[in-house]
Number of protein chains: 2
Amino acid sequence: MTPLCTQLKLSTPIVQAGMVWVSGGKLAAAAANAGALGTIGAGSMKPDLLAQHIQKAQGLTKNSLAVNVPLLYDKAEEQIDTALRLGIRIFITSAGSPKIFTKKLKDAGAFVIHVVATPDLAKKCEAAGVDAVVAEGFEAGGHNGRDELTTFALIPQVVDAVRIPVIAAGGIADGRGIAAALALGAQAVQLGTRFVATQESSAHDNFKQAILRAQATDTMLMMKRTVPVRLMKNAFYEELKAAEEVCADKEQLLQILGHGRARAGMLEGDLSAGELEIGQIAGLVRDIPTVEALVARLMEEYRTVSRAFPVFPKV
Amino acid sequence: MTPLCTQLKLSTPIVQAGMVWVSGGKLAAAAANAGALGTIGAGSMKPDLLAQHIQKAQGLTKNSLAVNVPLLYDKAEEQIDTALRLGIRIFITSAGSPKIFTKKLKDAGAFVIHVVATPDLAKKCEAAGVDAVVAEGFEAGGHNGRDELTTFALIPQVVDAVRIPVIAAGGIADGRGIAAALALGAQAVQLGTRFVATQESSAHDNFKQAILRAQATDTMLMMKRTVPVRLMKNAFYEELKAAEEVCADKEQLLQILGHGRARAGMLEGDLSAGELEIGQIAGLVRDIPTVEALVARLMEEYRTVSRAFPVFPKV
């Protein structure tokens, strides 16, 4: 166990990422029942729908549940109030300053985790009273930092920068990755892409199947200078790429991005015009197991790797 | 030990990267004497100078030495012939097809390692008879692949794609990183940035001091669509960045790049107009030890980490 896992009452060091469109109450409850931190992704939900997903998850598990709230949404505070009212006491906040809601959440007795992409932001989180950080690397799917720090470079530098626990995210989809992240000093790992391709995720089956077919080089971080997002290469990606190659400005890119692309891709299964947010580790994902079977396998792999390190005697 | 280390007669799983301007015979011999694979970077040397560095190194150590040959240089074959004539039997080739020289090197009894940035190129290396690959991630300093795969995502996908041994490169500067890379399935690690900041590297002291001052976010991969290279942010970087922001074409970028920028920066210490090739892990580098002290410390850190993995009992 790690101190963070003990504190959050987890029997594994795994956090199921709270993602837009794919992680509702069903996925979160399944993850929690498997000993991971089950997380509802509030980013794609109005407060009423979030309440429904929280209540659904709470009806399916007595284990630890979290809500992920991207702070850039105008309903972020309503989402937080809804989750607090329904008894949620673990929050993962992102895409905004840790100063905005940390005090309110701490005053309500919550454990606050903030997502960072640099050691500097991790220090600001610690100063703001945040309890732990998710340090997310460039290889992660979806929205991403502008400094392009990778998981391998980011984790040890964040671990050295702060005293609060660090959860590693980006590039992890099996027990080798969990062991590697813990070697770098993380106390837990957050997996997104791997959980999209499970029975319980609400991703459209077309999207799940596309992940199974994906190779290592089938994603790219787009809009690096404006709102960086890693997505799967498809017709929509080609459209963005063509615009970026002629130096389209932010307005033009946002126009291409339009509205509802993520929903169309990930929830409704439009593999061509939809936005398919997915990480570089998609190439490792080759099946769609139940969450219970997945977590058991990840931990078995972790145990095998962590017990079998090569020994190099002193010369 | 790992099979690769046994085969190459190494007492540590560490490869000192062969880098332009900073890794001559002195650094390679020191690394070899410390139980790592000492590598002379031929990329910045004419064949005569390479011969001098090889002979110098051979006079300082009886341990394993390698030569790194970037195949894009027009003198690559002369460099290979020179090294073979002087008894070098471990080659690290990069920046070109593994089909060009692998047969010639194997016929001469050499062990051939090729640098790759994708699982697909690793498969091509295996098919061409290459003995091992260095899989180098996006976070690495210097020249880099266009697919932007990070070490965390790249290593397990390369390990799964081929049967030959994989050496992990990019983002590694301490024993935590070595343990993490081995957890991902690598049989050894290649360290570049960390070895630049040693007593024995021929980097200019200005450059070494700049590495000590560097923060995690002080590098960026530039020229991503033409000849990607990761370098430290300085006036030269700002010049490239300004050109890229207005979509300068390859010719214009190469004109800014000019000639001799790397030599000016790394060997002659021009921190402003020079090209300073360095990785994202520079932020972890805080001293300029001897190679012997560095390797001993890295292995001590590795032993500590690899023996102390958290245990998560089955529930």
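Which elements cover the buried residues of α2(A)?

Reply: This is a predicted model, in which local features need pLDDT of at least 70 and side-chain atom pairs count only at pLDDT 80 or more, while totals for chains, interfaces and linings use all residues. Residues are numbered from 1 along each chain as its sequence is written, and chains are lettered from A, with ligands numbered from 1, in the order in which they are written.

The cover of the buried residues of α2(A) includes the strands β1 (14-16), β2 (38-41) and β3 (65-70) together with the helices α3 (47-60), α9 (193-196) and α14 (291-307), all of chain A. Helices (H or I, at least four residues) and strands (E, at least two) are DSSP runs numbered from the N terminus, and two residues are in contact if their C-beta atoms, placed from the backbone, lie within 7 Å. A residue is buried if 20 or more other C-beta atoms lie within 10 Å of its own, exposed if 12 or fewer do, and partly exposed in between.

The helix α2 spans residues 25-33 of chain A and is mostly covered, with seven of its nine residues buried. Those residues are Gly25(A), Leu27(A), Ala28(A), Ala29(A), Ala30(A), Ala31(A) and Ala32(A). Just after the helix, Gly35(A) takes a positive phi of about 95°.

In chain B, the loop between β1 (14-16) and α2 (25-33) holds Trp21(B). As background, most residues other than glycine have a negative phi. Trp21(B), however, has a positive phi of about 70° although it is not a glycine, and it counts as buried because it has 24 C-beta neighbours inside 10 Å. Glu148(B), in the loop between β7 (142-143) and α7 of chain B, is another residue other than glycine with a positive phi, near 65°; this residue also has 24 C-beta neighbours inside 10 Å, so it counts as buried.

To place the helix in its chain, chain A has 14 helices and 11 strands, and buried residues make up 59% of its 315 residues. Its C-alpha atoms fill a box of roughly 55 × 55 × 40 Å along the principal axes. A compact globule of 315 residues would have a radius of gyration near 20 Å, and the 19 Å of chain A agrees with that; the radius is taken over C-alpha atoms, and the globule rule is 2.2 Å times the number of residues to the power 0.38.

An automatic or database domain assignment divides chain A into domain 1 (3-203 + 284-306) and domain 2 (215-280). Their C-alpha centres lie 23 Å apart, and the contact between them takes 18 residues from domain 1 and 13 residues from domain 2.

The two chains also meet each other, with 49 residues of chain B in contact with 48 residues of chain A. On the side of chain B, the elements that give two or more residues are α7 (151-161), α8 (175-183), β10 (219-222) and α14 (291-307). That side divides into 27 nonpolar, 17 polar and five charged residues, where Ala, Val, Leu, Ile, Met, Phe, Trp, Tyr, Cys and Pro count as nonpolar, Asp, Glu, Lys and Arg as charged, and the others, Gly among them, as polar. Because 98% of the interface residues of chain B are also interface residues in chain A, the copies meet through the same surface.

A rotation of 180° with 0.0 Å of shift along its axis superposes chain B on chain A, at an RMSD of 0.0 Å, which is the relation of a two-fold axis. The superposition is by least squares on the C-alpha atoms of residues with pLDDT of at least 70 in both copies. Ala180(B) comes closest to this axis among the residues of chain B, at 1.9 Å from its C-alpha, and Ala180(B) is one of the buried residues of α8(B), a helix with eight of its nine residues buried. In chain A, Gly185(A) sits in the loop between α8 (175-183) and β9 (188-191), and, not counting residues up to four places away in sequence, Gly185(A) touches Ile155(A), Pro156(A), Val159(A), Val166(A) and, from chain B, Arg176(B).
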